[in-house]
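Hi,

Here is the structure I promised to pass along. Have a look when you get a moment, and my notes follow below.

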Amino acid sequence: FQYEFSVKEDVSPYSEIGQIDLPGSGYRITITESSYSGYFSIDPKTGIIRTEARLDYETYPEVLLNVKIDALRSTKAINAQVLIHLDDVNDNAPEFPSRVAIASVPEDLPPRKVIYMCKATDADSGPDGRITYNLKQNSNGLFHVDQQSGAVWLTNGGLDYEAYKANYLVIEGEDHGRPKLKATMKLNENV
């Protein structure tokens, strides 16, 4: 026998996710082996499967339980497998390697030259883990960030050490999940 269930990774611990159907009463069900122990339990009399801990799709997208179903009035036992699929949810925000970075840029740097590559990571998969970059604070409008790559470059205006010795940018990384999660970093650009 094989049973299959799906559950969202953000379900609360001790939530019921399914039940092993039995023909009547008089059975005892035990988990004999699990691909990841501690995630699930089975009520030995009813066959109800519950979560026992916070689930994490990124760690274990599927959990396989080997169970033994004993008939209490005989010596018969049935071995079965329960395959539980975890459904990914957007539970991880993007993360930058550091909250503040410094870039030193020569005053005569030509436009469209990359001065810094910001690269956030997101532990989620699919669209939930894809990141788009935006400038939330653009000192003097001199800079641009590529939304896909995170490359920061000088726009058409030039740098003038006498006018501004430093520029301050705030870069946001936002994922494509529902809800959208985001993180920011500061880039201090010294001329």
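Is aspartate 70 buried or exposed? Aspartate 70 is buried, because its relative accessible area is 13%. Please keep in mind that this is a predicted model.

Salt bridges first: the structure holds 4 of them. In one, the side chains of aspartate 70 and arginine 28 meet at 3.6 Å, N to O. That pair links distant parts of the chain, with arginine 28 in strand S3 (residues 27-34) and aspartate 70 in strand S6 (residues 62-71), 42 residues apart. Arginine 28 counts as partly exposed, at 40% relative accessibility.

Lysine 182 lies in strand S14 (residues 182-190) and glutamate 172 in strand S13, so the pair ties together parts 10 residues apart in sequence. Lysine 182 also forms a salt bridge with glutamate 174, where the closest N and O atoms are 3.4 Å apart. While lysine 182 is partly exposed at 46%, glutamate 172 is buried at 7% relative accessibility, and glutamate 174 is buried at 17%. Salt bridges that share partners also join Arg28, Lys68 and Asp70 into one network.

Threonine 132, in strand S10 (residues 131-138), has a side chain joined to that of histidine 176 by a polar contact of 2.5 Å. Finally, Glu107, Asp108, Asp160 and Glu162 form a negative surface patch; aspartate 108 sits in the loop between strands S8 (100-104) and S9 (114-117).

Best wishes

Key
Residues are numbered from 1 along each chain as its sequence is written. This is a predicted model: local features need pLDDT of at least 70, side-chain atom pairs count only at pLDDT 80 or more; totals for chains, interfaces and linings use all residues. Side-chain values use heavy atoms; hydrogens and water are left out. Patches are made of residues with over 30% relative accessible area and no salt bridge: like charges are joined within 9 Å, nonpolar side chains (Val, Leu, Ile, Met, Phe, Trp, Tyr) within 5 Å. Accessible areas come from the Shrake-Rupley method with a 1.4 Å probe; for residues, only the protein chains shown count as cover. Lys and Arg count as positive and Asp and Glu as negative; His and the chain ends are not counted. The place of a charge is taken as NZ of Lys, CZ of Arg, CG of Asp or CD of Glu. Helices (H or I, at least four residues) and strands (E, at least two) are DSSP runs, numbered from the N terminus. A polar contact is a pair of N or O atoms within 3.5 Å; within protein, one must be able to donate a hydrogen and the other to accept it, and residues adjacent in sequence count only if both atoms are side-chain atoms. Buried means under 20% relative accessible area, exposed over 50%, partly exposed in between (1.4 Å probe, protein chains only).
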